[in-house]
Amino acid sequence: MERRCVLNSWSKEEVRAVIRYEWARGVSGTEIHNRLVEVYGPGVMSKQMVRRWCRTFSDGRQQVEDIPRAGRTLTATTDANVGKVDDMIRANRRITIDEVAEELGISHERAQNIIHDILRYRKVSARWVPRQLTSTHQEQRMAVSLEHLMRYHEDGNDFLFRIVTGDETWAHYFTPESNSASMEWKHPSSPVRKKFKTTPSAGKVLLTVFWDAQGVLLLDFLEVGTINATDYPVEIERGDSEKAAWPSAVG
């Protein structure tokens with residue numbers, strides 16, 4: 001009994017070589033196609049393509065490899081394209097690889113190779129910062145920082161202990177329920193209970209904190225409005241008074 005198997009792995013050069021061999025033996029294109037399907041499966045090559053290759057071999061072609069197309073550049077990774085890609089990225093930092101490939105008429109893979117491997121660009125997200133500083137703000141912060149460095153050089157740690165800073169945050173009247181505390185048994189047909197982060201009746205106050213190198217000076221809750229530069233000296237002086245009274249109060 002004759003044993004046959006289907007080859008799932010093959011190359012186009014291998015199939016063309018089989019076609020050339022069968023064509024040299026005088027086998028028709030239709031029969032060559034039937035034999036290819038028996039060995040390589042129905043997706044190997046169409047009958048029309050087999051007949052075309054038979055005509056090509058009849059015209060004198062001997063090689064089964066692809067012939068490089070006339071006028072086609074073997075590689076798109078040229079110095080000119082690399083320079084163009086670099087200029088495009090510098091002009092538009094959000095340009096995509098597909099846009100680069102379409103603009104230069106090259107493949108997505110070549111454009112990606114130029115951007116990542118040759119130019120070594122990496123696309124990253126913008127970093128969040130508290131606020132945008134103008135050039136004036138930056139100059140002021142630089143001047144203050146230099147002044148602090150000069151005073152620290154003169155006075156040492158005594159200067160650091162005289163620095164008081166502060167910050168504010170909104171504090172809500174309630175503490176949100178944790179996920180584990182809100183868990184409850186539910187039947188598959190029961191609706192899902194909703195839990196809201198905030199409610200219309202939930203109030204909040206502005207918590208202001210002042211501290212120095214030795215610890216917290218003052219915790220102050222402001223019900224209405226916000227604290228401004230005029231309020232800072234008053235709050236800090238009150239914080240110093242309360243801190244000075246802590247030992248006697250504890251005693």
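Tutor: We may begin with arginine 90, whose relative accessible area is 54%. Please bear in mind throughout that the model is predicted.

Student: Why is arginine 90 called exposed?

Tutor: The term exposed requires a relative accessible area over 50%. Arginine 90 has 54%, and therefore counts as exposed.

Student: Is aspartate 86 buried or exposed, and what makes it so?

Tutor: Its relative accessibility is 17%. Buried means under 20%, so aspartate 86 is buried.

Student: How do you know that aspartate 86 forms a salt bridge with arginine 90?

Tutor: The closest N and O atoms of the two residues are 3.3 Å apart. The cut-off is within 4 Å, so the pair qualifies as a salt bridge. Both residues belong to helix 4 (residues 79-91) and are four residues apart, about one turn of the helix.

Student: How many salt bridges does the structure hold?

Tutor: The structure holds five. Among them is the pair of glutamate 22 and arginine 25, with closest N and O atoms 3.1 Å apart. Another joins arginine 35 to glutamate 22, at 2.9 Å between the closest N and O atoms.

Student: What makes the pair of arginine 35 and glutamate 22 a link between distant parts of the chain?

Tutor: Arginine 35 lies in helix 2 (residues 29-40) and glutamate 22 in helix 1, 13 residues apart. As to accessibility, glutamate 22 has a relative accessible area of 11%, under the 20% limit, and is therefore buried. Arginine 35, with 33%, falls between the limits of 20% and 50%, so it is partly exposed.

Student: Which residues are linked in a network of salt bridges?

Tutor: The network links Glu22, Arg25, Glu31 and Arg35.

Student: How are helix 1 and helix 3 packed?

Tutor: Helix 1 (residues 12-24) and helix 3 (residues 47-58) pack at an angle of about 65°, and their axes are 10 Å apart. The crossing is right-handed. Helix 1 contributes Arg16, Ile19, Arg20 and Trp23 to the contact, while helix 3 contributes Val50, Trp53, Cys54, Phe57 and Ser58.

Student: What classes of residue make up the contact of helix 1 with helix 3?

Tutor: Six are nonpolar, one is polar and two are charged.

Student: Turning to the strands, why are strand 1 and strand 3 said to stand at the edges?

Tutor: Three strands form an open sheet in the order 1-2-3, with antiparallel pairing. Strand 1 (165-172) and strand 3 each have a single partner strand, so one side of each is left without a neighbour in the sheet. On average, neighbouring strands of this sheet are turned by 20° against each other, direction ignored.

Student: How do you know that strand 2 and strand 3 pair?

Tutor: Pairing requires at least two bridges, and strand 2 (residues 204-212) and strand 3 have seven, in the antiparallel sense; they therefore count as paired. Valine 209 has leucine 219, in strand 3, as its bridge partner.

Student: Why is valine 216 called partly exposed?

Tutor: Valine 216 has a relative accessible area of 41%, which lies between 20% and 50%, so the term partly exposed applies. This residue is in strand 3 (residues 215-222). Valine 216 and threonine 165 are 51 residues apart in sequence, yet their C-alpha atoms are 9.8 Å apart in space.

Methods: Residues numbered from 1 in each chain as written. Predicted model: local features only at pLDDT ≥ 70, side-chain atom pairs only at ≥ 80, totals over all residues. Heavy atoms only, no water. Axes fitted to C-alpha atoms, helices over the stretch in contact; angles between N-to-C directions. Left-handed = near helix turned anticlockwise from the far one by under 90°. Contact = heavy atoms within 4.5 Å. Nonpolar A, V, L, I, M, F, W, Y, C, P; charged D, E, K, R; others polar. Salt bridge = Lys/Arg side-chain N within 4 Å of Asp/Glu carboxyl O. Buried < 20%, exposed > 50% of the residue type's maximum accessible area, 1.4 Å probe, protein only.
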